[in-house]
Amino acid sequence: MKERGHNMFGYVQANLKDLSEEEQARYRAVYCGLCRTLGRRYGAPARMGLTYDLTFLTLLLGSLYEPEEETGTFRCLPHPWREHEYAASECTDYAADMTVALVYFKCLDDWEDERKFSRKIYAGWLKRSYEKVKELWPGKCRVIEDQLNALSRLENARDPSPDAAAGCFGKLMEELFVYRADRWEDRLRALGNGLGRYIYLADAMADRERDRRRGSYNPLADLDAGPEDFRSTLTVVLGGASQAFESLPLVQDVHILRNILYSGLWLKYNRAVRPAPQKEKV
Amino acid sequence: MIDDPYKVLGVPPNAGQDEIKKAYRRLAKQYHPDLHPDDPEAARKMNEINEAYDMAMNPEKYAARRAQQQRQYTGGAAGQQSGQNRYQGPGGWASSDWGFGFDDFFGFGFGGAQQQAAGARPQPEPQDAPEIRRVITYINAGQYQEAVYLLTRIPSTGRNARWYYLSALANYGQGNTVQAVDQMQRAVQMDPNNQTYRQLLQQFRQAGQAYERNAQGFDMQAMDLQKICLGLCAAQCCCSACSMFGFRCC
């Protein structure tokens, strides 16, 4: 993530417009639940790492395992004037653990790249939390670290293969998706891997113009296809992930999950690659 | 192998996937090993339910697998394709068990030779240079990494439509989806009359079609980002605090 300085999280989000009021409330409750768990488990700084992507993971694993859920209302620090509904389970605990690992490495990364002092402080705050996560999930933390390092190496070497770099992110995500070693592991890996590769590639295409202007490395620089044509390649990348998802016995929250996978997933990409009506065509 | 997965799950034979999933969840709640520790009968029943689920979700695959197993026992040709070069998909998982798999494309899957795309097994042509012949041998042996390596050593002056076609196959086998699709597109552009190239490009895109089929009813063109926090409150102090740190949580 060195040269390119991009924020790859946020692609895996819901298209709220197409969810019912009840579903929106449910999605928010799980999101707030993750935020609350992060705060309780790791302290306030950890909540800054909250992402839609890990909210999706919480929903997905919750749907697959249907664990006992704790629900209620609470007042959160940034919004203390209103009670927020939340829902949390052991899957939320897991997603919180993974969030800390990811945000810790992102801070380290940003400090390395951009020397933003705030990141250095932040990484310091998170270090102890990360040590706790490493004790709980040593294998996963190792994979996250290894794949981010591999990705850094490829980007620094300006490797022309988009698939190699996307593959690193795919391997990282697939590791996050496997909560338990059971009969669903292969399918969760297929889903995570496809989503990881999609995120990396969609983000690379979204940044391609900007990188071209700045002379920055972009793994899709040599590609003929434009963003609209690239859509069909992205759907190929998502094909196996989608089949794996549909093969899981998911009933709870499945409409929200599908909304994310088939609609929300494109929101960020569409906004990045479609010129806004007011913009002048260069 | 159980005989009637629908009976095990308690659903009619024409049950849709959503119904099968609901039935599975209902039964899993009853027989889950966590609820019956050290109970071999519950464990056996759970295995049966799991197997029934996989079969009911993929009726064609299981019929083909049963047929292939029988052929292997009688020493049929399908057993000859050794496991070591079997393409497993990025990350090492074998996707053919439940849905779209690269295996189907290259014909290692349950359907065997019948499902193989014409052109997916390249044949040497009279004008092929020796390196190209070696590339073709590697591709047909499933040794995609070697094929890709040899192909990259051919200078750009030697990269014609055929080079792009072979490179696309080798990259696809390795899981380099973006390059494979891009290269097969170039092959089609350079040799528009070649039906094999067009058909293969179509086949590559099949995974994309599977995605689009599953996406029916959902809006892939949506652009309206709605902040989840905004829905709850007017103030955005959380968001501005986050943006100070550069994290976009909303």
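Where is the place of D253(A) in chain A? Point 4 picks that up, after a few words on conventions.

This is a predicted model, in which local features need pLDDT of at least 70, side-chain atom pairs count only at pLDDT 80 or more, and totals for chains, interfaces and linings use all residues. Residues are numbered from 1 along each chain as its sequence is written, chains are lettered from A and ligands numbered from 1 in the order in which they are written, and side-chain values use heavy atoms, with hydrogens and water left out.

1. **The α5/α6 pair in chain A.** Let's start with helix packing. Two packed helices are described by the angle between their axes and the distance between the axes. Here α5 (residues 138-156) and α6 (residues 162-177) of chain A pack at about 170 degrees, with axes 9 Å apart. That makes α5(A) roughly antiparallel to α6(A). Helices and strands are DSSP runs numbered from the N terminus (H or I, at least four residues, for helices; E, at least two, for strands). Axes are lines fitted to C-alpha atoms, for helices over the stretch in contact, and angles run from 0 to 180 degrees between N-to-C directions. Under 35 degrees counts as roughly parallel, over 145 as roughly antiparallel, 65 to 115 as roughly perpendicular, and the rest as oblique.

2. **What sits in that contact.** Contact means heavy atoms within 4.5 Å. On the α5(A) side, the residues include V143(A), I144(A), Q147(A), L148(A) and L151(A), and they meet a set in α6(A) that includes A165(A), C168(A), F169(A) and L172(A). By class, the contact of α5(A) with α6(A) has 12 nonpolar, one polar and three charged residues. The classes are: Ala, Val, Leu, Ile, Met, Phe, Trp, Tyr, Cys and Pro nonpolar; Asp, Glu, Lys and Arg charged; the others, Gly among them, polar.

3. Since 14 of the 16 residues of α6(A) are buried, the helix is largely enclosed by the rest of the structure. Buried means under 20% relative accessible area, exposed over 50%, and partly exposed in between (1.4 Å probe, protein chains only). C168(A) is buried, at 8% relative accessible area. Its sulfur is 18 Å from the closest cysteine sulfur, in C141(A), too far for a bond. C35(A) is buried too, at 15%.

4. **Two positive phi values.** Most residues other than glycine have a negative phi, which is the reason to flag a pair of residues here. D253(A) has phi near 60 degrees. To settle the opening question, D253(A) is in the loop between α8 (227-246) and α9 (254-262) of chain A, and at 15% relative accessibility it counts as buried. E66(A) has phi near 45 degrees. It is found in the loop between α2 (52-65) and β1 (70-76) of chain A, and is partly exposed at 25%.

5. L191(A) lies in α7 (residues 185-214) of chain A and is buried, with 0% relative accessible area. Leaving aside neighbours within four places in sequence, its contacts include L60(A), F177(A), A241(A) and L261(A). L191(A) and L238(A) are 47 residues apart in sequence and 8.2 Å apart in space, C-alpha to C-alpha. H79(A), in strand β2 (residues 79-88) of chain A, is buried at 3%. H79(A) and L176(A) are 97 residues apart in sequence and 30 Å apart in space, C-alpha to C-alpha.

6. **Chain B.** There are 12 helices and zero strands in this chain. Buried residues make up 47% of its 250 residues. Of the contacts in chain B with a separation of 6 or more, 48% come from residues 24 or more positions apart. Helix α2 (residues 17-31) of chain B has 15 residues and reaches 21 Å, close to the 21 Å expected. Its buried residues include I20(B), Y24(B), R25(B) and L27(B), and their cover includes α2, α8 and α9 of chain A together with α1 (5-9) and α3 (40-57) of chain B.

Notes:
A disulfide is a pair of cysteine sulfur atoms within 2.5 Å. The expected span of a helix is 1.5 Å times one less than its number of residues.
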